[in-house]
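Here's a quick briefing to read alongside the structure. Have a look at the picture first, then go through the points below.

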Amino acid sequence: MEKSKFIEMIKYNPNAIAYINNPTDEMKLLAIKKNGLALQYIDYPTREMQESAIDNNARAIQFINNPTEDMMIKVINDGWVNLEYIKNPTDTLIKFAINQTGWAIKYANNPSEELQLLAVRKNYDSIKFIKEPYKSVQEEAVKISYDALRYINSPTHNAELIAVKNDERAIRLISDLDKNKILEFLKVNILVIKYVMQEIEISKDELEQVLKEALSNEDVEEKYVRDYLNSTINKNSDIMRMDKMMIIYKYGSKKAKKIAVDEKLKMK
């Protein structure tokens, strides 16, 4: 068949290059420039052909043995998902992709703690692509959003505490709840009580002990004291009818008492 006929075939269907014996470089370049993925049908492509292929379609890098650093950076710059087509990407390339989105961590094999942290700081929910996130990574993710808990198969107790402290709604994402865990959570966020009163019975003495431990701390957070004073959940419950100011007067640290007085003045 005449060369011109092959050229016309390739113009119509670039993949036709796969069925042409001993195609010329002109034919190869034409096919690649029409469809970069046609590179897979070309033996021993030149560097020019490889570069033309990824210029047309970044995914063509999967058919390049030993691509240059510039080539790999180029395809990732075209889209972080192209990291999938790079064999054994370096940490530098993975970081480059993560700078676009934390989800790029899904294409890293056994990512380091540093890479995991970079990913969740970029997108907290990228933790769902990390099989065994480091403790520090779990904690970083839940600090950003308690919702990260839903993506962690076995969260550490500290990660759960951080999530609950930041937002009481996190309690709904924690499995195997028991009274001891709930009492621990109440020590960091008293508002948890509105989610557990119907689940587990907590006595007045148990709640008073929780408040004693939390409020007597000289480093008690202002939010905890104000949340306690302003909580109006289950007013009809015996444990919630306790005199709040009396509890703070009885057990509170100097800091807790100062915050309580300030809050009461605001309420007048």
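K223 and D227 pair up in a salt bridge, with their closest N and O atoms 2.6 Å apart. (A salt bridge here is a side-chain nitrogen of Lys or Arg within 4 Å of a carboxyl oxygen of Asp or Glu.) Keep in mind that this is a predicted model, where local features need pLDDT of at least 70, side-chain atom pairs count only at pLDDT 80 or more, and totals for chains, interfaces and linings use all residues. Residues are numbered from 1 along each chain as its sequence is written, and side-chain values use heavy atoms, leaving out hydrogens and water.

**Helix α12**
- K223 and D227 sit four residues apart in helix α12, so about one helical turn separates them. (Helices are DSSP runs of H or I, at least four residues, numbered from the N terminus.)
- K223 is partly exposed at 43% relative accessibility, while D227 is buried at 17%. (Buried means under 20% relative accessible area, exposed over 50%, and partly exposed in between, using a 1.4 Å probe and protein chains only.)
- E222 forms a salt bridge with R226, at 2.8 Å between the closest N and O atoms.
- E222 is partly exposed at 42%, whereas R226 is buried at 14%.

**Other salt bridges**
- The whole structure has 19 salt bridges.
- R169 and D167 form one of 2.7 Å, N to O.
- D55, K74 and D78 are linked in a salt-bridge network.

**A loop residue**
- D219 lies in the loop between α11 (204–215) and α12 (222–230).
- D219 counts as exposed, at 62% relative accessibility.

How values were computed:
Helices (H or I, at least four residues) and strands (E, at least two) are DSSP runs, numbered from the N terminus.
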